[in-house]
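Here are my notes on the model you sent. Please read them with the structure open.

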Amino acid sequence: MQKDKKGKKKNRFGQSYKVVRVLESFYLSNEECMNDVVFTEKHRIKYAVFSHDLPPKMAKGNVKIFHFPILEQSSEKRLFNRQGEIIFDDMVDFIETAKAKGDFILLCSPRGRTRCVLLLTAYMMHKLKMSLGQAMNEIRSHGYEYDLNFD
């Protein structure tokens, strides 16, 4: 894993990555965090939702991964897998299983700036009945920098 001049870990895009805890059970970051065994063990992260069109590299340690593909260059908003089956409900079940066991969930994407935030926002709106603005404000209140584009 690369490090910047200050010793902060960097992702494959050369960016230092930030990890933020949101609500009681979630961490947001980029995919490098999923493979940081020291971090995942320290924070009892046993589950990760990885959002990218390509499957994730195998996580190191005992982290179970749910792959949620969101295509970056597509106008199609994907809540379905390639067979046309709804996968948002599967992701919610995956998260609820982790929460029931008292484990923490890492939501991550390659850069950790858009897709992981989108999934947490959708989860918060669905399960916690928050509005879009409330969910985004909750994430922002924890100091997480994101870059959502609703065009």
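1. A caution first. This is a predicted model.

2. The sheet. Five strands form an open sheet with mixed pairing. Their order is β3-β4-β7-β5-β6. Neighbouring strands are turned by 25° against each other on average, direction ignored.

3. The edges. β3 (20-22) and β6 (64-67) hold these positions. Each has a single partner strand, so one side of each lacks a neighbour in the sheet.

4. The β3 pairing. β3 runs antiparallel to β4 (residues 26-30), and 3 bridges join the two. Val 22 stands opposite Phe 26 in β4.

5. The helix pair. The axes of α3 (residues 88-100) and α4 (residues 115-127) come within 11 Å. They cross at roughly 80°. Angles of 65 to 115 degrees count as roughly perpendicular, and α3 and α4 are therefore roughly perpendicular to each other.

6. The contact between them. From α3 come Phe 88, Met 91, Val 92, Ile 95, Glu 96 and Lys 99. From α4 come Leu 119, Ala 122, Tyr 123, His 126 and Lys 127. By class, the contact has 7 nonpolar, 1 polar and 3 charged residues.

7. Helix α5 (residues 132-141). Ala 135, Met 136 and Ile 139 are buried in this helix. They cover an arc of only 95° around the axis, so they lie on the same side of α5. What do the buried residues of α5 pack against? They pack against β3, β4 and α4.

8. After α5. Gly 143 follows the helix. The phi of Gly 143 is positive, near 85°.

Key
Residues are numbered from 1 along each chain as its sequence is written. This is a predicted model: local features need pLDDT of at least 70, side-chain atom pairs count only at pLDDT 80 or more; totals for chains, interfaces and linings use all residues. Side-chain values use heavy atoms; hydrogens and water are left out. Two strands pair if DSSP finds at least two bridges between them. Helices (H or I, at least four residues) and strands (E, at least two) are DSSP runs, numbered from the N terminus. Axes are lines fitted to C-alpha atoms, for helices over the stretch in contact, and angles run from 0 to 180 degrees between N-to-C directions. Angles under 35 degrees count as roughly parallel, over 145 as roughly antiparallel, 65 to 115 as roughly perpendicular and the rest as oblique. Contact means heavy atoms within 4.5 Å. Ala, Val, Leu, Ile, Met, Phe, Trp, Tyr, Cys and Pro count as nonpolar, Asp, Glu, Lys and Arg as charged, and the others, Gly among them, as polar. Buried means under 20% relative accessible area, exposed over 50%, partly exposed in between (1.4 Å probe, protein chains only). The arc is that of the directions from the helix axis to the C-beta atoms.
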